[in-house]
Amino acid sequence: MKYMAVDIKRKKGESFEAMLRRFTQRVQSSGTILEVKKRKHHTKKPTKIKLKTSALARLAAKEKRDYLEKAGLLVEDKKKKFGRR
């Protein structure tokens with residue numbers, strides 16, 4: 001992650017508000033805020049082991065569900081029927 005450093009020094013007779021306005025303009029023009037927002041929710045890719053274990057868990061759950069459905073023991077929740085939470 002490369003962020004551009006924004007250095008602002010207060011000019012003679014400059015008010016704090018004017019300096020702050022100049023600082024925010026420099027930060028926006030440098031693109032730092034956009035870069036941070038892009039990377040905010042970034043997650044690492046799962047490892048091969050994690051992918052395999054999750055795939056095996058899904059298969060096991062599917063097999064169990066199929067077995068319970070064939071045996072007539074499956075009770076469906078109407079609340080959870082359509083997608084995720």
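From the N terminus on, the elements of the chain run α-α-α. The model is predicted, so local features need pLDDT of at least 70 and side-chain atom pairs count only at pLDDT 80 or more, while totals for chains, interfaces and linings use all residues. Residues are numbered from 1 along each chain as its sequence is written, and side-chain values use heavy atoms, without hydrogens and water.

**Exercise 1.** Determine which helix has the highest mean pLDDT and which the lowest.

*Solution.* Step 1: pLDDT is the predictor's confidence in each residue, from 0 to 100. Step 2: helices are DSSP runs (H or I, at least four residues), numbered from the N terminus. Step 3: H3 has the highest mean, 95, and H2 (residues 32–39) the lowest, 85.

**Exercise 2.** Compare the reach of H3 with its expected span.

*Solution.* Step 1: the expected span is 1.5 Å times one less than the number of residues. Step 2: H3 (residues 48–71) has 24 residues, for which 34 Å is expected. Step 3: from first C-alpha to last, H3 reaches 35 Å, close to that value. Step 4: Gly72, with a positive phi near 80°, follows H3.

**Exercise 3.** Decide whether H3 lies largely in the open or is buried.

*Solution.* Step 1: by relative accessible area (1.4 Å probe, protein chains only), buried means under 20%, exposed over 50%, and partly exposed in between. Step 2: the number of buried residues among the 24 of H3 is 0, so H3 lies largely in the open. Step 3: in the chain, 7% of the 85 residues count as buried.

Notes:
Helices (H or I, at least four residues) and strands (E, at least two) are DSSP runs, numbered from the N terminus.
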